[in-house]
Amino acid sequence: MTERFDCHHCNESLFGKKYILKEEDPHCVACFEELYANTCEECGKPIGCDCKDLSYKDRHWHEGCFHCSQCKSSLVDKPFAAREDQLLCTDCYSNEYSSKCQECKKTIMPGTRKMEYKGSSWHETCFICHRCQQPIGTKSFIPKDNQNFCVPCYEKQYALQCVQCKKPITTGGVTYREQPWHKECFVCTACKKQLSGQRFTARDEFAYCLTCFCELYAKKCAGCTNPISGLGGTKYISFEERQWHNDCFNCKKCSLSLVGRGFLTERDDILCPDCGKDI
(Lines give C-alpha, C1' and ligand atoms only; values in the text may rest on other atoms or scores of the structure.)
Protein backbone atom coordinates (compact mmCIF):
# COMPACT_ATOMS: atom_id res chain seq x y z
CA MET A 1 0.00 0.00 0.00
CA THR A 2 1.10 3.60 -0.76
CA GLU A 3 1.87 5.70 2.37
CA ARG A 4 -0.67 8.51 2.91
CA PHE A 5 0.41 12.18 2.62
CA ASP A 6 -2.33 14.31 4.16
CA CYS A 7 -2.82 17.92 5.43
CA HIS A 8 -1.86 18.08 9.09
CA HIS A 9 -5.02 20.08 9.88
CA CYS A 10 -7.87 18.83 7.67
CA ASN A 11 -6.43 15.40 6.73
CA GLU A 12 -7.15 15.97 3.04
CA SER A 13 -4.73 14.21 0.78
CA LEU A 14 -1.94 16.42 -0.54
CA PHE A 15 -0.93 14.16 -3.46
CA GLY A 16 -0.68 16.30 -6.58
CA LYS A 17 -1.50 19.48 -4.63
CA LYS A 18 0.44 22.52 -3.45
CA TYR A 19 1.26 22.43 0.23
CA ILE A 20 3.26 24.39 2.81
CA LEU A 21 5.35 23.03 5.63
CA LYS A 22 4.83 24.56 9.06
CA GLU A 23 7.19 23.21 11.72
CA GLU A 24 7.80 20.23 9.44
CA ASP A 25 4.06 19.49 9.23
CA PRO A 26 2.45 19.75 5.77
CA HIS A 27 -0.64 21.95 5.32
CA CYS A 28 -2.86 22.50 2.37
CA VAL A 29 -2.97 26.08 1.17
CA ALA A 30 -6.47 26.72 2.51
CA CYS A 31 -5.63 25.49 6.00
CA PHE A 32 -2.31 27.27 6.11
CA GLU A 33 -3.89 30.60 5.15
CA GLU A 34 -6.73 30.09 7.63
CA LEU A 35 -4.37 29.24 10.48
CA TYR A 36 -1.24 31.24 9.82
CA ALA A 37 -1.68 33.93 7.17
CA ASN A 38 -1.25 37.54 8.33
CA THR A 39 -4.06 40.04 7.86
CA CYS A 40 -3.39 43.09 5.72
CA GLU A 41 -3.55 46.38 7.66
CA GLU A 42 -5.03 48.18 4.68
CA CYS A 43 -7.71 45.91 3.23
CA GLY A 44 -8.26 43.57 6.17
CA LYS A 45 -7.93 40.44 4.03
CA PRO A 46 -5.50 37.55 4.59
CA ILE A 47 -2.17 37.77 2.83
CA GLY A 48 -2.14 34.51 0.90
CA CYS A 49 0.76 32.24 0.08
CA ASP A 50 0.92 33.54 -3.48
CA CYS A 51 1.19 37.15 -2.28
CA LYS A 52 4.20 39.09 -1.05
CA ASP A 53 3.89 39.90 2.68
CA LEU A 54 5.40 43.29 3.58
CA SER A 55 5.84 43.95 7.30
CA TYR A 56 6.76 46.90 9.51
CA LYS A 57 6.75 46.78 13.31
CA ASP A 58 4.60 43.60 13.50
CA ARG A 59 2.12 45.00 10.99
CA HIS A 60 1.56 43.44 7.55
CA TRP A 61 0.39 44.56 4.11
CA HIS A 62 -0.20 43.14 0.67
CA GLU A 63 2.37 44.55 -1.72
CA GLY A 64 -0.39 46.44 -3.53
CA CYS A 65 -1.75 47.84 -0.24
CA PHE A 66 1.58 49.15 1.01
CA HIS A 67 1.18 52.83 0.04
CA CYS A 68 1.23 56.35 1.48
CA SER A 69 -1.91 57.04 3.49
CA GLN A 70 -2.22 60.52 1.95
CA CYS A 71 -1.14 60.47 -1.70
CA LYS A 72 -1.56 56.68 -2.11
CA SER A 73 1.77 56.30 -3.93
CA SER A 74 3.46 52.93 -3.44
CA LEU A 75 6.02 52.69 -0.65
CA VAL A 76 7.55 49.43 -1.89
CA ASP A 77 11.34 49.78 -1.87
CA LYS A 78 11.04 53.48 -1.00
CA PRO A 79 11.86 55.45 2.17
CA PHE A 80 8.84 56.28 4.31
CA ALA A 81 7.91 57.60 7.75
CA ALA A 82 5.29 56.57 10.29
CA ARG A 83 3.09 59.00 12.17
CA GLU A 84 0.19 57.99 14.43
CA ASP A 85 -0.05 54.52 12.82
CA GLN A 86 -0.09 56.04 9.34
CA LEU A 87 2.61 55.41 6.74
CA LEU A 88 3.67 58.46 4.74
CA CYS A 89 6.05 58.98 1.85
CA THR A 90 8.84 61.46 2.57
CA ASP A 91 7.17 64.22 0.55
CA CYS A 92 3.84 63.97 2.38
CA TYR A 93 5.53 63.63 5.76
CA SER A 94 7.65 66.72 5.12
CA ASN A 95 4.72 68.80 3.91
CA GLU A 96 2.58 67.78 6.89
CA TYR A 97 5.03 67.68 9.78
CA SER A 98 8.44 69.12 8.87
CA SER A 99 9.43 72.69 9.70
CA LYS A 100 8.94 75.46 7.16
CA CYS A 101 11.81 77.81 6.43
CA GLN A 102 11.19 81.28 7.87
CA GLU A 103 12.86 82.86 4.82
CA CYS A 104 11.73 80.93 1.73
CA LYS A 105 8.63 79.32 3.32
CA LYS A 106 9.54 75.93 1.81
CA THR A 107 9.68 72.65 3.72
CA ILE A 108 12.93 71.76 5.46
CA MET A 109 13.36 68.16 4.38
CA PRO A 110 14.24 65.55 7.02
CA GLY A 111 17.97 64.91 7.18
CA THR A 112 18.97 68.36 5.91
CA ARG A 113 20.73 70.87 8.14
CA LYS A 114 18.56 73.60 9.58
CA MET A 115 19.11 76.59 11.82
CA GLU A 116 16.71 77.29 14.70
CA TYR A 117 16.21 80.41 16.79
CA LYS A 118 13.32 81.23 19.14
CA GLY A 119 10.95 78.70 17.60
CA SER A 120 11.70 79.59 13.96
CA SER A 121 13.64 77.48 11.48
CA TRP A 122 15.68 78.21 8.37
CA HIS A 123 17.46 76.23 5.69
CA GLU A 124 21.17 76.60 6.35
CA THR A 125 21.52 78.50 3.07
CA CYS A 126 18.56 80.77 3.91
CA PHE A 127 19.86 81.83 7.33
CA ILE A 128 21.77 84.88 6.10
CA CYS A 129 22.73 88.35 7.30
CA HIS A 130 20.12 90.91 6.27
CA ARG A 131 22.83 93.43 5.34
CA CYS A 132 25.60 91.49 3.57
CA GLN A 133 23.43 88.49 2.53
CA GLN A 134 26.15 86.04 3.57
CA PRO A 135 25.23 82.77 5.39
CA ILE A 136 25.54 83.16 9.15
CA GLY A 137 25.97 79.45 9.84
CA THR A 138 27.19 78.84 13.40
CA LYS A 139 28.71 82.32 13.78
CA SER A 140 27.41 84.84 16.30
CA PHE A 141 24.57 87.06 15.14
CA ILE A 142 22.38 89.84 16.51
CA PRO A 143 18.60 90.04 15.84
CA LYS A 144 17.01 93.45 15.30
CA ASP A 145 13.52 94.35 14.03
CA ASN A 146 12.82 90.74 12.97
CA GLN A 147 16.02 90.65 10.92
CA ASN A 148 19.29 88.85 11.68
CA PHE A 149 22.68 90.50 11.30
CA CYS A 150 26.20 89.14 11.48
CA VAL A 151 28.17 90.95 14.16
CA PRO A 152 30.35 93.07 11.78
CA CYS A 153 27.29 94.30 9.84
CA TYR A 154 25.33 95.07 13.00
CA GLU A 155 28.24 97.09 14.37
CA LYS A 156 28.54 99.05 11.13
CA GLN A 157 24.83 99.80 10.92
CA TYR A 158 23.60 100.18 14.47
CA ALA A 159 26.24 100.07 17.20
CA LEU A 160 27.25 103.26 19.01
CA GLN A 161 30.93 104.20 18.90
CA CYS A 162 32.78 104.51 22.19
CA VAL A 163 33.98 108.10 22.63
CA GLN A 164 37.22 106.82 24.15
CA CYS A 165 38.42 103.96 21.88
CA LYS A 166 36.19 104.74 18.86
CA LYS A 167 35.15 101.07 18.59
CA PRO A 168 31.53 99.83 18.46
CA ILE A 169 29.64 99.16 21.69
CA THR A 170 27.83 95.86 21.18
CA THR A 171 26.75 95.07 24.75
CA GLY A 172 26.16 97.17 27.84
CA GLY A 173 28.01 100.46 27.82
CA VAL A 174 27.87 103.65 29.86
CA THR A 175 26.48 107.07 28.97
CA TYR A 176 28.25 110.06 30.50
CA ARG A 177 27.58 113.65 29.43
CA GLU A 178 25.35 112.20 26.68
CA GLN A 179 28.28 110.31 25.18
CA PRO A 180 28.63 106.50 24.94
CA TRP A 181 31.52 104.57 26.52
CA HIS A 182 32.49 100.94 26.90
CA LYS A 183 32.35 100.04 30.59
CA GLU A 184 36.03 99.12 30.45
CA CYS A 185 36.87 102.48 28.81
CA PHE A 186 35.03 104.64 31.35
CA VAL A 187 37.80 104.92 33.94
CA CYS A 188 39.22 107.37 36.45
CA THR A 189 41.44 109.92 34.73
CA ALA A 190 44.11 109.48 37.41
CA CYS A 191 44.24 105.81 38.53
CA LYS A 192 42.42 104.22 35.52
CA LYS A 193 40.05 102.28 37.78
CA GLN A 194 36.69 101.47 36.12
CA LEU A 195 33.99 103.87 37.25
CA SER A 196 30.94 101.92 36.04
CA GLY A 197 28.70 101.27 39.04
CA GLN A 198 30.94 103.38 41.32
CA ARG A 199 30.50 106.86 42.75
CA PHE A 200 32.61 109.39 40.89
CA THR A 201 32.86 113.11 40.23
CA ALA A 202 34.32 115.30 37.53
CA ARG A 203 36.65 118.28 37.19
CA ASP A 204 37.13 120.14 33.92
CA GLU A 205 34.97 117.45 32.25
CA PHE A 206 37.35 114.67 33.34
CA ALA A 207 35.93 111.88 35.52
CA TYR A 208 37.67 110.85 38.76
CA CYS A 209 37.00 108.23 41.39
CA LEU A 210 36.34 109.79 44.80
CA THR A 211 39.71 108.72 46.18
CA CYS A 212 41.72 110.37 43.40
CA PHE A 213 39.53 113.46 43.33
CA CYS A 214 39.97 114.02 47.05
CA GLU A 215 43.72 113.47 46.90
CA LEU A 216 44.17 115.79 43.95
CA TYR A 217 41.64 118.58 44.47
CA ALA A 218 39.79 118.42 47.80
CA LYS A 219 40.62 120.88 50.57
CA LYS A 220 42.31 119.41 53.63
CA CYS A 221 40.68 119.56 57.03
CA ALA A 222 42.64 121.82 59.40
CA GLY A 223 41.78 119.42 62.20
CA CYS A 224 42.52 115.91 60.87
CA THR A 225 44.31 116.87 57.62
CA ASN A 226 42.16 114.43 55.63
CA PRO A 227 40.45 115.63 52.44
CA ILE A 228 37.03 117.27 52.63
CA SER A 229 35.22 115.92 49.60
CA GLY A 230 32.07 118.00 49.93
CA LEU A 231 30.25 115.19 48.06
CA GLY A 232 26.98 113.59 49.05
CA GLY A 233 25.98 116.54 51.23
CA THR A 234 29.08 116.37 53.46
CA LYS A 235 29.06 119.42 55.77
CA TYR A 236 32.15 121.40 56.66
CA ILE A 237 33.13 124.67 58.30
CA SER A 238 35.16 127.34 56.50
CA PHE A 239 36.95 130.22 58.29
CA GLU A 240 39.72 132.45 57.03
CA GLU A 241 40.73 130.15 54.17
CA ARG A 242 40.77 127.12 56.43
CA GLN A 243 38.25 124.30 56.46
CA TRP A 244 37.17 121.65 58.96
CA HIS A 245 34.94 118.62 58.88
CA ASN A 246 31.95 119.28 61.11
CA ASP A 247 33.18 116.54 63.44
CA CYS A 248 36.65 118.11 63.57
CA PHE A 249 35.56 121.68 64.40
CA ASN A 250 36.23 121.35 68.12
CA CYS A 251 37.91 123.34 70.85
CA LYS A 252 41.64 122.58 70.86
CA LYS A 253 41.72 122.33 74.68
CA CYS A 254 38.44 120.75 75.83
CA SER A 255 37.32 119.19 72.50
CA LEU A 256 33.87 120.79 72.76
CA SER A 257 32.15 120.96 69.37
CA LEU A 258 32.09 124.55 68.13
CA VAL A 259 29.59 123.98 65.32
CA GLY A 260 26.96 126.72 65.66
CA ARG A 261 28.81 128.29 68.65
CA GLY A 262 31.02 131.25 69.13
CA PHE A 263 34.76 130.59 69.23
CA LEU A 264 38.14 132.31 69.54
CA THR A 265 41.37 131.72 67.66
CA GLU A 266 44.89 131.48 69.00
CA ARG A 267 47.37 131.23 66.16
CA ASP A 268 46.21 128.04 64.29
CA ASP A 269 44.01 126.81 67.13
CA ILE A 270 40.33 127.40 67.78
CA LEU A 271 39.00 127.61 71.32
CA CYS A 272 35.63 127.75 72.98
CA PRO A 273 34.90 131.03 74.87
CA ASP A 274 35.60 129.38 78.24
CA CYS A 275 39.02 128.01 77.24
CA GLY A 276 39.90 131.20 75.42
CA LYS A 277 39.00 133.73 78.16
CA ASP A 278 42.52 133.66 79.60
CA ILE A 279 44.15 134.49 76.25
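Helices (H or I, at least four residues) and strands (E, at least two) are DSSP runs, numbered from the N terminus. The structure is a predicted model, in which local features need pLDDT of at least 70 and side-chain atom pairs count only at pLDDT 80 or more, while totals for chains, interfaces and linings use all residues. Residues are numbered from 1 along each chain as its sequence is written, and side-chain values use heavy atoms, with hydrogens and water left out.

A place to begin is strand β16, where C209 is located. C209 counts as buried because its relative accessible area is 9%; buried means under 20% relative accessible area, exposed over 50%, and partly exposed in between, with a 1.4 Å probe and protein chains only. Leaving out neighbours within four places in sequence, C209 is in contact with C188, C191, L195, R199 and F200, where contact means heavy atoms within 4.5 Å. One of these residues, C191, is 18 residues from C209 in sequence and 8.1 Å from it in space, C-alpha to C-alpha.

Strand β16 also takes part in the largest nonpolar core. Such a core is a set of buried Ala, Val, Leu, Ile, Met, Phe, Trp, Tyr and Cys residues joined through side-chain atoms within 4.5 Å. The largest one has 14 residues, and W181, F186, C188 and L195 touch the most other members. At least two residues each come from β13 (174-176), β16 and α4, and β16 gives the largest share, 3 residues. F186 touches V174, Y176, W181, K193, Q194, L195, S196, F200 and A207, not counting residues up to four places away in sequence. As a general matter, nonpolar side chains tend to be buried together in soluble globular proteins.

Helix α4 spans residues 210-217, and its buried residues are C212, F213 and C214. The cover over these buried residues includes β15 (200-203), β16, β17 (219-220) and β18 (227-228).

The next topic is open space. On a 1 Å grid over the protein atoms alone, a pocket is an open set of points where a 1.4 Å probe fits, with protein on both sides within 12 Å along at least five of seven lines; lining residues have an atom within 4 Å of a point. Grid points are joined across faces, edges and corners, and a volume is the space filled by probe spheres set on the points.

The largest pocket has a volume of about 360 Å³. It is lined by 15 residues, and those closest to its centre are Q102, W122, N146, Q147 and N148. Strands β8 (120-123) and β10 (147-150) are the elements that give two or more residues to this lining. By class, the lining holds 6 nonpolar, 7 polar and 2 charged residues. In this count Ala, Val, Leu, Ile, Met, Phe, Trp, Tyr, Cys and Pro are nonpolar, Asp, Glu, Lys and Arg are charged, and the others, Gly among them, are polar.

The second largest pocket contains about 270 Å³ of space. Of its 15 lining residues, Q164, W181, E205, F206 and A207 lie nearest its centre. The elements that supply two or more residues to this lining are β14 (179-181) and β16 (206-209). The classes here are 9 nonpolar, 3 polar and 3 charged residues.

Two further buried residues lie in loops. L258 is in the loop between β20 (242-245) and β21 (264-266), and it counts as buried because its relative accessibility is 1%. Not counting residues up to four places away in sequence, L258 touches F249, N250, C251, F263, I270, L271 and C272. C40 is in the loop between α1 (29-36) and β3 (53-56), and it is buried at 2% relative accessibility.

D58, in the loop between β3 and β4 (59-62), has a positive phi of about 65° although it is not a glycine. D58 is exposed, with a relative accessible area of 76%. Q133 lies in the loop between β8 and β9 (141-144) and has a positive phi of about 65°, although it is not a glycine. Q133 is partly exposed, with a relative accessible area of 44%.
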